[in-house]
Amino acid sequence: MASNSAISLDFLILSIILVQIVGTGAGRIAIYWGQNGNEGTLAQTCATGKYAFVNIAFLPTFGNGQKPTINLAGHCDPDSNGCTRFSSDIKSCQAKGIKVMLSLGGEIGTYNLSSTEDARKVAGYLWNNFLGGCSKSRPLGDAVLDGIDFAILHGTTLHWNELAIFLSRYSKPGKKVYLTAAPLCPFPDIWMKGALQTGLFDYVWVQFYNSKKCEYSPDHIGKLLHAWKNWTSIPETEIFLGLPAAPEAAASGFIPAAVLTSEVLPAIKTSAKYGGVMLWSTYYDDQTGYSSSIRSHV
């Protein structure tokens, strides 16, 4: 008869094999920080232990010959190099295992890519000023961000795929340049369709809000589930459900935490591409505690 220790070992091995086969269904939470001066510092955001990814929002002006300009609302004044003080915050977040991205675009901005060469130049600027390159005028100081987030919501539909390609070429063994994207939920996304077909993005947090065609509504979860299924067809392997962290955080699409955990998450977590939940934004999450309410279910 087998000993108890042998049985325990066999059970442990079987459990590991089963986890590798079917997955755990566990996800992570991504958050946007930077668009409200009352949301606390970046270091404070990371110190909560709630988030696996923080997107610094935004770099809303770049491309087509424009001087790239970061805008972190009331947090700092980039014109006086006031945002460089967040370098230590970025390093603090990364020391906790949190990936910190710079988010390009947003709803308000004058971003545009006019050509392949323009995409190459923007990629070079991002590398030298926010990633592993060198520049005397790094807006966020000497901290090396983990990657670039594409939050392209208007402007040109061209050359974003080339920007992704050029950025991905800066990846090196031991220091990958992560690429993420936040498309709107109508599928396919108008602006980033070509870029997302490259398969170069590591995480895609789809905005299931401000788009009534595909967001959750109290009487109809089917629209969201249909859109989710479409989004899991893209080459990228991890798709996140992007949501407002409070009713006031978006014009529409807020899902009460109890509904999200009992109805929505169980339905989408069956997908092998489920990666977790993205929230807009730190300020609203601080007000509602939304991430704390859903964290054990994500």
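A: Let us begin with the classes used for residues: Ala, Val, Leu, Ile, Met, Phe, Trp, Tyr, Cys and Pro count as nonpolar, Asp, Glu, Lys and Arg as charged, and the others, Gly among them, as polar. Please note also that this is a predicted model.

Q: How many nonpolar, polar and charged residues are in the lining of the largest pocket?

A: The lining of the largest pocket comprises ten nonpolar, six polar and one charged residues. This pocket has a volume of about 360 Å³. Of the 17 residues that line the largest pocket, F58, G106, E107, I108 and W280 lie nearest its centre.

Q: What is the volume of the second largest pocket, and which residues lie nearest its centre?

A: The second largest pocket holds about 280 Å³ of space. Its lining consists of 15 residues, and those nearest its centre are K67, P68, P78, S137 and P139. Sorted by class, this lining has six nonpolar, five polar and four charged residues.

Q: How many cavities of 30 Å³ or more are there?

A: The general idea is that rolling a probe the size of a water molecule over the atoms shows where empty space is left. In this model, two cavities of 30 Å³ or more are counted. The largest cavity contains about 50 Å³ of space, and its lining is formed by F187, P188, D189, K193, L196, Q197, W231 and I234. That lining divides into five nonpolar, one polar and two charged residues.

Q: Which residues line the second largest cavity?

A: The second largest cavity is lined by W127, L131, G132, V144, L145, K175, K176 and V177. Its volume is about 40 Å³. By class, the lining of the second largest cavity has five nonpolar, one polar and two charged residues.

Q: At what angle do helix α4 and helix α5 pack?

A: In general, two packed helices are described by the angle between their axes and the distance between the axes. Here, helix α4 (residues 116-130) packs against helix α5 (residues 160-168) at an angle of about 40 degrees, and their axes are 8 Å apart. That angle makes α4 oblique to α5. The crossing of α4 and α5 is right-handed.

Q: Which residues in α4 and α5 meet?

A: From α4, the residues T116, A119, R120, V122, A123 and L126 meet E162, L163, F166 and L167 of α5. By class, this contact has seven nonpolar, one polar and two charged residues.

Terms used: Residues numbered from 1 in each chain as written. Predicted model: local features only at pLDDT ≥ 70, side-chain atom pairs only at ≥ 80, totals over all residues. Heavy atoms only, no water. Axes fitted to C-alpha atoms, helices over the stretch in contact; angles between N-to-C directions. Helix = DSSP H or I, 4+ residues; strand = E, 2+ residues; numbered from the N terminus. Parallel < 35°, antiparallel > 145°, perpendicular 65-115°, else oblique. Left-handed = near helix turned anticlockwise from the far one by under 90°. Contact = heavy atoms within 4.5 Å. 1 Å grid on protein atoms, 1.4 Å probe; cavity = no way out; pocket = protein on both sides within 12 Å on 5 of 7 lines; lining within 4 Å. Points joined across faces, edges and corners; volume = space filled by probe spheres on them.
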